[in-house]
Amino acid sequence: MIEIRNLTKTYDDAAVVNDVSLSLAESGITAIVGPNGAGKSTLLSMIARLIAPTSGQVLVDGLDVQQTQGAVLAKRLAILKQNNQVGMRLTVSELVAFGRFPHSGGRPTVEDERHIDEAISYLGLDDLRTRFLDELSGGQRQRAFVAMVLAQDTKYVLLDEPLNSLDMKHAAAMMKLLRRTADDLKKSITVVIHDINFASIYADQVVAMRDGRVVLQGESAELMQEAVLQDIYDTVVQVREVEGHRLGLHYL
Amino acid sequence: MQAAASMPVRSRPTAGLLLAVGIVLVLAVVSLFIGVADMPLRDLVSSGGDAQALQLLLVSRVPRTLALVLSGMSMGVAALIMQMLFRNRFVEPTTTGTVEAASLGLLAVALLAPGLPVFSKMLVASAFALAATFVFLRLVSRIPASSSLVVPLLGLMFGGVINAVTTFFAYRYDLLQSLAAWTNGDFSSVLRGRYELLWIAGGLAILSYIAADRFTVAGLGESFTRNLGLNYGRILAFGLVIVSMVSASAVVTAGTVPFLGLIVANVVSMTVGDNLRRALPWVAVSGAGFLLACDIVGRTLRFPYEIPVGTVAGVLGSGIFLYLLLRRRARFG
């Protein structure tokens with residue numbers, strides 16, 4: 001379990017994340033939603049020890065992320081940020097192989113090779129193994145990075161806006177894939193996501209943030225209410241039920 | 001089946017690399033036998049040997065060829081490492097103020113402590129280069145990530161500012177000629193006893209291979225590196241020390257060759273990619289080959305006179321550099 005205790009991050013006296021306490025489950029999908037500037041990405045980066053908090057603590061299976069050795073944590077928790085370097089000319093299999101670095105230390109064993117092959121197959125990248133990343137479409141490249149994170153074989157996977165730059169088809173496919181990964185491999189996947197409807201359909205748990213604070217934590221049904229959404233996003237969102245899912249309409 | 005699928009990727013470059021090493025060896029041999037003084041092969045191999053020919057070979061020709069090979073490979077490797085650490089295709093020691101700072105360091109030694117042994121001079125120059133490169137790195141981190149072409153432009157300006165300071169003091173103390181010799185690569189004066197520091201540069205280039213994977217990971221970004229449990233700061237420090245020492249040893253001995261590393265690193269990236277475990281040997285070999293070729297051209301074009309290798313490489317290099325810039329722009333547009 002990931003426990004977040006009174007986590008705060010301030011830049012020049014402005015609190016980007018303000019006294020957040022949360023716990024993230026051992027398995028399943030948690031979606032972090034909220035308007036721009038709510039502190040979602042900062043929170044995710046602090047959980048993954050990419051940013052040091054101003055105060056507070058994050059414990060991953062009891063290990064304080066600020067105190068624990070990077071290499072130890074890298075076997076339990078993986079994060080994929082947005083804006084990945086697309087100019088790097090690595091092949092898909094080279095990139096995915098780097099996901100094994102915490103385990104292999106750069107000298108992949110047969111076991112590492114198996115994880116690499118599995119991750120590549122799982123994301124349907126078999127035919128693209130030897131292609132360079134800069135020769136792929138945005139969706140294929142995103143899948144390659146997710147494959148790398150899966151090859152890292154950690155219980156906890158944090159993804160910062162994995163649907164960015166994906167079109168409708170690929171965004172839905174990515175969410176289905178994450179759902180399948182969480183179910184099949186019993187992983188705990190936490191995603192920062194902009195589209196509340198993807199959160200509504202695919203997430204087991206929703207965390208809504210606004211102005212650096214957590215305003216709601218619970219099941220997606222609790223989030224998908226007109227009054228709640230209006231409060232979080234400060235705009236009118238109509239909620240309709242379609243085939244058993246609650247969807248928010250903010251286009252009107 | 002899975003092993004078979006990944007086999008071709010790994011075995012193909014090895015054969016190519018061996019071929020490239022062969023070409024460099026041929027160039028090196030050619031380089032040994034170009035020169036004003038006659039050095040017939042039979043004199044070298046005949047029993048007893050012609051003392052004069054052997055002397056010439058050992059004191060002048062071999063050191064020059066070795067210096068070219070060591071400089072070429074280390075400048076290529078330094079440029080590639082820099083491109084990973086800056087995450088920018090257009091940086092190398094001569095476009096980031098690194099070389100200019102090493103010259104400033106060397107000038108400071110020449111003015112303040114002229115008696116220092118050459119190795120200590122190199123260390124001082126390295127320290128200056130390291131400081132300037134670090135300052136430039138901080139500067140670059142403040143520019144929006146989108147403007148990749150702004151980085152080398154800023155670097156050239158940064159180098160220009162350092163160079164202005166150096167030129168001012170060199171002018172005041174009548175050292176302008178030495179200054180020109182430090183930065184503009186010229187291997188015609190390389191003799192035994194005057195190039196050996198380049199072995200350090202060559203050694204560092206080879207040493208950097210042990211951190212090849214780490215440099216590649218660093219090229220994927222700081223977050224990416226920390227996610228894999230690696231210490232980004234330590235990789236950065238190791239890389240910058242290598243780059244600074246390579247630049248300084250070039251400045252102290254034969255001088256640097258502008259654009260050499262940048263071009264070699266870009267061409268290698270286009271062909272074998274950016275996985276440094278694969279690319280570093282290629283960059284080292286191509287850097288040595290390119291420099292040897294430029295030197296041979298410079299020595300034969302208006303034989304028996306010489307055109308400095310820096311000039312030849314600069315003309316060829318800036319042409320290729322422009323082509324790379326325009327090609328990249330076209331691809332984005």
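This is a predicted model: local features need pLDDT of at least 70, side-chain atom pairs count only at pLDDT 80 or more; totals for chains, interfaces and linings use all residues.
**Exercise 1.** Find the residue that stands opposite G28(A) in strand 8 of chain A.

*Solution.* Residues are numbered from 1 along each chain as its sequence is written, while chains are lettered from A and ligands numbered from 1 in the order in which they are written. Next, zoom out: strand 3 (residues 28–33) and strand 8 (residues 188–192) of chain A pair in the parallel sense over five bridges. Strands here are DSSP runs of E with at least two residues, helices are runs of H or I with at least four, and both are numbered from the N terminus. Two strands pair if DSSP finds at least two bridges between them.

**Exercise 2.** Work out the strand order of the open sheet in chain A, then its edges.

*Solution.* First, read off the order of the six strands: 6-7-8-3-9-10, with mixed pairing. Then look for strands that pair on one side only: strand 6 (77–80) and strand 10 (213–218) of chain A.

**Exercise 3.** Is F259(B) buried or exposed?

*Solution.* Grab the cut-offs: buried takes 20 or more other C-beta atoms within 10 Å of the residue's own, exposed takes 12 or fewer, and partly exposed is in between, with C-beta atoms placed from the backbone. F259(B) has 25 C-beta neighbours inside 10 Å, so it counts as buried. Now check its backbone: phi of F259(B) is near 70°, a positive value in a residue other than glycine.
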